[in-house]
Amino acid sequence: MKLTFTAADEQFREEVADWLNDNLRDEFADIRYRGGPGDEHHFVDERKAWERRLAAGRWTCIGWPDTWGGRAASIEQQVIFHEEYARAGGPGRMGHIGDTLTGPTLLAFGSEEQKAKYLPPIRDGVAFWSQGYSEPGAGSDLAAIRTKAVQDETSGQWKITGQKVWTSLAHESDFVFVLARVDRESSRHHGLGFFLVALDQPGVTIRPITQLTGTAEFNEVYFDDAVCDADDIVGAPGDGWKVAMGLLGFERGVSTLGQQMLFQTELDEIIRIARANGASRDPDIRQRIAEAHIGLKTMRYNSMRMLSGGEDGSLSREAMIYKLYWSSWHRNLGKLAMDVLGPEAELIESGPYELNKLQSLFLFTRADTIYGGTNQIQRNLIAERALGMPKEPRGQGK
Amino acid sequence: MKFAFTDEQQMLRDTSQAFLADKSTSAAVRAACVSPEHHDAELWQSICEEMYWQGILIPEHVDGLGLGWVEMAIVLEAAGERLLTSPLFAVVQSTAALVGCPASEMRDLLLSSMATGNVMSLAMGYQAGGWDSVGVTANETSTTTVLSGEARFVPFGFAAAKLLVVARDASNTLTLWVVDPQQDGVFVEPTPTMDQTRPMATVRFERAAVSSDQLLATQADELVSDTLALSRILTVADQVGVAQASLDISVDFTKERKQFDRTIASFQAIKHKAADMMLKAESARSLLYYAACTADAWLAGEVDRDALHEAAYMASACASDAAFFNAGCGIQMHGGVGITEEYDIQLYFKRARATESYLGRPSEMREAIACQLLDGDVA
């Protein structure tokens, strides 16, 4: 057991920090610490420009192999990159989905043509992706997908019809990957296809969803005979579920330590306020601040165990608890922020409804325990996969 | 960075668990709790001769294994899982204190004596003021030094061949002495406890005369406080074992127990409780091994005392909560039989309760963290 990084890794850390220090300034000074969860709709053009700057420094897609312009960075190096990126106040990554989801999926399941067509623009920070999984009727029950894809027998082109929802930043993206039913008679996870679809076309309509924060980073995406070329299905028709689930397996948690640095920034701010306004003398607040501090450290060492786990991509016990842990912790932090601020928490500082950071934190963290698998779904998964308890019975309807 | 067991550590874990699954069975634990010695002397002998757990933290030059805190945590976690009722904790805690003492012939003699299996207990204190309040004084008379007062909650104190005694001297600093429980003025009384797997004693001193060759350390305030932190880490290991076993036996039970024509493990209300228990156990385990690594780093001079103490506070708060939560939920998952004497979950529940307040309540641990975050000058 060893908690320290090697000298070579520390040198890599220095390289990352130096580059960020030299580049995250001047025209990019304003976007430091911006564009994270709850703030993703801000500074979109500037953050796209930042992706191109990152690409010029070879700092996009660092986990990809050299052949596709990556650095083939080790897990440790990826962790270090995320830590230094967060430490420097690097903005929310517009290229996040292409870098960590689309790319690895195509590398594992895509054809050579698909790789050649789609990987370089992601790597160069010029093509932005969003994901199309959830539907109004397929949330926790993802396999209940109803969006259809029908292939034209002569041209081979696919036509997609249906609705996706909770698609982050679809209105600022160029492509979406869509899980759609190719076999009309199929049900559940059978008969699905995984499609790469351009968003800028007549068959696609994007409508933002205004959230309780008054902002809109999620969207509904409507497909009405949206066109997708015959070559733009990943894997065979019917393999969509396998491809989609493989994609979830690529998340080895390298970004978790970076995420925790943002959490630390939030906690530090709450501590600063508590010390200034006297809330730090309230015994209950003291306990909760200590609890938050301990929880964040717990997350760090849970992550380190997770990252030190097997390379086979199988989910370890500590990986299975990760989402449930951080989402609950973060939601509690939002409430703690409000309790530390007291009545001051109510006051809107500017605009008709321009929330400050902690107000956004409080409201938006209610989403944390819902998206990406609700806490209830997480508990089902832990009980079934880690503890071997029986599966939930399914309803009888189709 | 590799926050995972080495092959050797994994092997130690496997052999420890296998040994205790065989020797520290439910029947064996229950028999030990009511035996006159309050433990199975034969089991202690095989621990000392076959497993050599008492020697893990003892340096090699005094006949120990010279291993580290991760190895110690692995063994004590396994001990918690099986409710091991033995003087192991007392011996390991005494070792931790002695290793921190200045080098002396007496210190090495005591360490090598423990390596052969002799039991020693640390009489640290606990007065009303808390775990760092020392109730024994060392006063110099014209001819000798005498110890007076009492030390409570001394683990396996009644079984100790030697007692390591913390006493406050006339200049209000702490000192550490080795005392023979048979010597004049020393009275050791077993104190029956609700959790019978971790028996305690109160040691009283009535003008017990001690000589300078019994003095192990002077100016020992830091030594005692560091030993307290290390003892918390040892206790955390036990709690992680209790948290894990409470989860395991309860889940196994719910997979067998049927109501409404299905196993109760198939009910979401039960599954979600189990999932929360696993989250608690794994989180406490992460902080345990972080704290164990920190103890090793502190001994190697790589981190300071503050890091050691902070790690101990955090791990203790987390593991105390985890053990009690899991054992409590475990009783609920067992239903009616959970509150019977026959099922083991009640033994885990009691052990979780005992360790929760031993060396400080979780709220005290959190308050210590709060002081560090909220009081004093801003850095």
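Predicted model: local features only at pLDDT ≥ 70, side-chain atom pairs only at ≥ 80, totals over all residues.
The radius of gyration here is taken over C-alpha atoms, and the globule rule is 2.2 Å times the number of residues to the power 0.38. For 398 residues, a compact globule would have a radius of gyration near 21 Å, and chain A has 22 Å, which agrees. Along the principal axes, the C-alpha atoms of chain A fill a box of roughly 75 × 50 × 50 Å.

Next, what is inside. Chain A holds 12 helices and eight strands. Of its 398 residues, 43% are buried. Among contacts in chain A with a separation of 6 or more, 71% join residues 24 or more positions apart.

Now one pair of helices. In chain A, helix H10 covers residues 322–341 and helix H11 covers residues 357–368; their axes come within 8 Å and cross at roughly 150 degrees. Angles over 145 degrees count as roughly antiparallel, so H10(A) is roughly antiparallel to H11(A). The crossing is left-handed. On the H10(A) side, the residues that meet H11(A) include Leu333(A), Ala337(A) and Leu341(A). On the H11(A) side, Leu358(A), Leu361(A) and Phe362(A) are among them. The residues of this contact between H10(A) and H11(A) divide into seven nonpolar, four polar and four charged.

Last, the second chain. In chain B, 37 residues are in contact with 39 residues of chain A. Helices H8 (268–299), H9 (305–334) and H11 (362–374) of chain B each supply at least two residues of the side that touches chain A. H8(B) gives the largest share of that side, 14 residues. By type, the side of chain B that touches chain A has 23 nonpolar, nine polar and five charged residues.

Terms used: Residues numbered from 1 in each chain as written. Chains lettered and ligands numbered in written order. Axes fitted to C-alpha atoms, helices over the stretch in contact; angles between N-to-C directions. Helix = DSSP H or I, 4+ residues; strand = E, 2+ residues; numbered from the N terminus. Parallel < 35°, antiparallel > 145°, perpendicular 65-115°, else oblique. Left-handed = near helix turned anticlockwise from the far one by under 90°. Contact = placed C-beta atoms within 7 Å. Nonpolar A, V, L, I, M, F, W, Y, C, P; charged D, E, K, R; others polar. Buried ≥ 20, exposed ≤ 12 C-beta atoms within 10 Å, placed from the backbone.
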